[in-house]
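Hi,

Here is the structure I promised to pass on. Have a look at it first, and then read my notes below on how the two chains meet.

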Amino acid sequence: MILIAGIADEPPVAMAIEAAEECGVGHIVFDQRDHAEAGLSLALDPLEGWRARLTLQGREIELHRLTGAYVRLMDERFLPDVRDLAEDAPERQRAIRFHRMLLEWCNIAPIRIANRPRAMLSNTSKTFQAELIRRCGFAIPETLVTNDPDAVLAFVENCAAEGDEVIYKSISGARSIVQTFTAADRERLHRIRWCPTQFQRKVRGTDMRVHVIGNRCFATNIESKATDYRYSARETGEDAELTATAIAPEWEGRCIRLAAALDLSFAGIDLRMTPGGEVVCFEANPSPAYSYYQSRTDAPIAQALVRWLAGEAQAG
Amino acid sequence: MILIIADQGDLPAQWLQAMLRQRLPVPVELLSPAQLVYAPAIIQRLATEGGQSGFRLWNGVQFDFASVSGVINRITSLPLEHLGRAEQGDQGYAAGELHAFLLGWLASLECPVLNPPAPEWLAGPWHSEISALHLAAQAGLRGEARLLDPSSEGARLLVDGAGAGEVHFVLDDQLIGPVVDVRHRDSLIAFAHGWGARLLQVETRKEGGERWFLRATSLPDYRLGGSALVHAITRVFGT
């Protein structure tokens, strides 16, 4: 039996529920919008640690008896029944405690979890991840993080001399659209004095997203003319073209190693295959919106996820 | 050079600086997070082959981190005063970027760092009270039976304040502090492994043959570990 927790009709969650039904994997759905009616208790056994019990519509579930849980919860502050409540409203305080307890349990649960909230924090720094990525055997983009405009200009000139452009993007997990550095950016470069900013030599090549689940990989090839394929339609007027593809065993192994190094059972790894044969890794997403890829390629990502959560052993 | 990154009023850091200066043949400098963050030139380069970083401070002092042989990291909060006039949304974004930069930069240092940063806390791995009690139980340290539900008020699960028990330090599998039996030594080391910190301060209370877990932190008060802890730290820095 597995738990699927999140907004039930959000595509990644809905796809996991559908896959569990298709695959005959016993599952319990906790629709996060029902949090106010749900019960949760944590009991500390002095020898075993915490045990959790979730109560949904009168049904009590001993969470440690499950085989796994897919947890894709939204920030409870923005739930429709919470967002307009006063800070000290009892309902808001209960919602905070309920979610904190559930997430705490996910961090320590003795079952398969995709993903433990603690492990997902690595995504708060791309440069933190970059060091792990490098150690796992991937190439990383040549990067400068600085608050010094002169250093940026020297970096841009150096890249330009070798025929390369420079892009800039957030260091943190804040969603930002990758931008190419242009002449207009020179005029506002003094603003980086307030905060170090990340600049990268633009890597040419074809994007690939690899979803890792346990030790299985699903690779998607992405063709797009945009700087950031997620915004391809906005930037170029054409959607990115996604196709399922195979990835060489050597790189598959490195993807699995990277996900393990980040303690992520389920990860979306962003790669770019360069014309020179390098495999450059940008980041590992700890809460991949895999439904976008599965709906365009028919790769059975959700099926693999629920089977892994159900305890299915994987080859390799 | 050994660099201690800590706030100006950090007494354990100042004490450690004095102790290390007596024992090490290299300079031991104390730098505040504000001095780092407000440096007019911060450079971090990352590439497949490796990285490098350097800071030029307002007083003209330059730090090339290739020449730093060890770092004591005690960054507990971000200096954000310079963002005070920015709009709230921009402040939040910049604070996130600054945290991300410091996390990535500290994690990239090639020299020994006590403690390396963790995504949840720049000063090193941090665990909530719930998680700490779980790790303690699994390591064989006792905790009182508890029952929590979302209606419970936010009562503390661990004892407030220091001085209620015995203080141990675990540094790279070495236990420093009061003598304990083998079973509890192994428990304390296993607990530190679970916590994930290279240097961990753990407080316990002995009662009825059992060792009860009180609290732990990866931001130690080195003074409580005395010369044995200082000696162990000097060995980490390989001097």
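This is a predicted model: local features need pLDDT of at least 70, side-chain atom pairs count only at pLDDT 80 or more; totals for chains, interfaces and linings use all residues.

Let's start with the strands: β3(A) pairs with β8 of chain B (residues 146-148), running antiparallel over three bridges.

Now for the contact as a whole. Chain A puts 49 residues into it, and chain B puts in 56. Together the chains bury about 4200 Å² between them, with carbon and sulfur atoms giving 59% of that area. Which residues of chain A lose the most area to chain B? They are L44(A), W50(A) and R118(A), and together they make up 15% of what that side buries.

The rule picks out 20 residue pairs in polar contact across the interface, counting pairs with both residues at pLDDT 80 or more. It also finds two salt bridges between the chains. One of them joins the side chains of R134(A) and E110(B), at 3.9 Å from N to O.

As for where chain A's side comes from, the elements giving two or more residues include the strands β3 (39-45), β4 (49-56) and β8 (143-146).

Happy browsing!

Note on methods: Residues are numbered from 1 along each chain as its sequence is written. Chains are lettered from A and ligands numbered from 1 in the order in which they are written. Side-chain values use heavy atoms; hydrogens and water are left out. Contact means heavy atoms within 4.5 Å. Buried area is the accessible area (1.4 Å probe) that two parts lose on being put together, summed over both. A salt bridge is a side-chain nitrogen of Lys or Arg within 4 Å of a carboxyl oxygen of Asp or Glu. A polar contact is a pair of N or O atoms within 3.5 Å; within protein, one must be able to donate a hydrogen and the other to accept it, and residues adjacent in sequence count only if both atoms are side-chain atoms. Helices (H or I, at least four residues) and strands (E, at least two) are DSSP runs, numbered from the N terminus. Two strands pair if DSSP finds at least two bridges between them.
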